Amino acid sequence: MPTTLFTNVQILDSTGEKPFAGEVLVQGNRIAEVSRQAGAITREAHRVVDGGGAMLMSGLCDAHTHFSWINQAGLDPIGLMPVEEHILEAADNARTYLDCGYTMCVGAAAAKPRLDVVVRDYINKGRIAGPRYLANGPEIATIGGLGDLNPSHVGAYTFVEVVNGPYEMRACVRRLLKEGVDLIKLNLSGEEITKCKAEDTPMAEDEIAEAVREAHRKRGVRICAHARSAESVKLCVKHGIEIVYHASFADEEALDLLEANKDKHFVAPGLAWVYQTCYAAADWGITEEVARNMGYFRELEAAVETMKAMRKRGIRVLPGGDYGFAWTPHGTYAKDLEYFVELLGFTPMEAIQSATLLGGEIMNRPGELGLVRNGYLADLILLDGDPLQDITLFQDRSRILAIMKDGSFHKEMTPPARAQVSVAA
Ligand SMILES: [Zn+2]
């Protein structure tokens with residue numbers, strides 16, 4: 001069994017304990033030993049990596065990923081792109097996630113039914129590079145719901161599956177399950193940039209109930225929802241939708257419900273989309289004034305207050321920013337960690353635990369992913385610096401010296417080691 005020994009590293013293990021000097025032995029695809037004593041682990045490993053004092057930690061998780069969003073300004077291009085180009089784009093984006101130190105990603109919808117599952121399968125076969133991935137199908141919307149872009153006189157070209165009534169919902173969910181999705185995505189609420197607004201909740205309860213019942217028939221399959229309105233968040237709790245996306249306008253009642261069921265739900269606000277639509281989309285015609293008129297500033301303010309309240313209530317909130325639009329391009333994923341600290345008041349340690357420890361939980365592999373600990377899968381990154389002192393460190397790919405997934409290097413450290421980490425007392 002191939003073995004790798006990391007020596008001369010600071011270890012940020014994601015338990016909440018401050019980093020400590022030590023060594024980590026990887027055997028096959030698992031962490032075999034974490035030692036606090038230099039020289040205690042045998043040097044007979046196949047490969048010894050002198051970390052030069054760099055920070056070794058778990059790979060990161062993005063809880064709201066779209067491999068098939070293609071850095072365009074709007075939703076039409078996602079629907080119109082032919083499948084051949086689209087699969088290549090999706091594979092390229094998968095690699096970018098891993099290049100950025102993300103070893104776990106939760107698919108938050110694919111633009112066509114098989115894009116996510118095919119990319120996931122080829123990653124798992126080792127044919128293409130990418131993170132561990134939970135594949136999704138297209139978002140399911142009702143007629144007139146978020147993503148129903150079709151003018152009524154034109155055939156379907158949109159990036160969502162449009163259904164009407166429980167019968168069509170059941171058929172749609174079954175078709176996606178047949179293709180092998182890990183998740184089903186429902187568009188419960190709308191979105192300011194479309195005709196269906198963020199606080200609209202167009203999907204009916206019998207449609208939601210049918211989708212959840214059908215998806216849960218298959219072992220391991222969970223449901224996620226685009227849920228910006230207060231009503232939609234309450235529907236997520238009522239119907240057992242495990243992953244709640246956005247939740248910006250959750251009111252006291254919705255927060256109470258989530259808190260009372262905090263072991264069952266994850267929330268990923270997708271802050272980058274809202275924040276950058278407010279402040280970084282002017283080149284595409286969305287000036288701050290336009291964004292304000294669209295309602296995005298109002299939503300950003302609401303989302304920040306809501307997420308602060310969730311943090312205080314111990315609700316599991318994870319980074320994952322809906323990346324893949326022109327003003328939220330692929331490769332900038334770690335901005336979310338900065339938003340968690342700067343906007344939501346998370347400590348850097350809490351933000352990192354959300355992206356690692358909670359990442360393992362949302363990936364449905366608690367006890368195996370998200371910590372640097374004996375027996376865990378060897379998904380590790382080696383950082384040139386201390387992210388507890390500078391959370392923006394993750395945004396600079398050159399500071400991620402090495403990336404290991406499942407015990408194999410995606411990126412190897414190039415000697416000589418230049419990292420020198422000083423850990424804050
Ligand atoms: Zn999204």
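Biologist: How many cavities of 30 Å³ or more does the structure hold?
Modeller: The structure holds 2. A cavity here is a set of points, on a 1 Å grid over the protein atoms alone, where a 1.4 Å probe fits but cannot get out. This is a predicted model, where local features need pLDDT of at least 70, side-chain atom pairs count only at pLDDT 80 or more, and totals for chains, interfaces and linings use all residues. Residues are numbered from 1 along each chain as its sequence is written, and side-chain values use heavy atoms, with hydrogens and water left out.

Biologist: How much space lies in the largest cavity?
Modeller: About 150 Å³, a volume being the space filled by probe spheres set on the points.

Biologist: Switching to the largest nonpolar core, how many residues has it?
Modeller: The largest core has 100 residues, and Ile184, Leu186, Met310 and Phe394 have the most contacts inside it. A core joins buried (under 20% relative accessible area, 1.4 Å probe, protein chains only) Ala, Val, Leu, Ile, Met, Phe, Trp, Tyr and Cys residues through side-chain atoms within 4.5 Å.

Biologist: Why does it lie between domain 1 and domain 2?
Modeller: Because domain 1 (3-58 + 370-411) and domain 2 (60-362) both give residues to this core. The domain bounds come from an automatic or database domain assignment.

Definitions and conventions. On a 1 Å grid over the protein atoms alone, a cavity is a set of points where a 1.4 Å probe fits but cannot get out, and a pocket is an open set with protein on both sides within 12 Å along at least five of seven lines; lining residues have an atom within 4 Å of a point. Buried means under 20% relative accessible area, exposed over 50%, partly exposed in between (1.4 Å probe, protein chains only).
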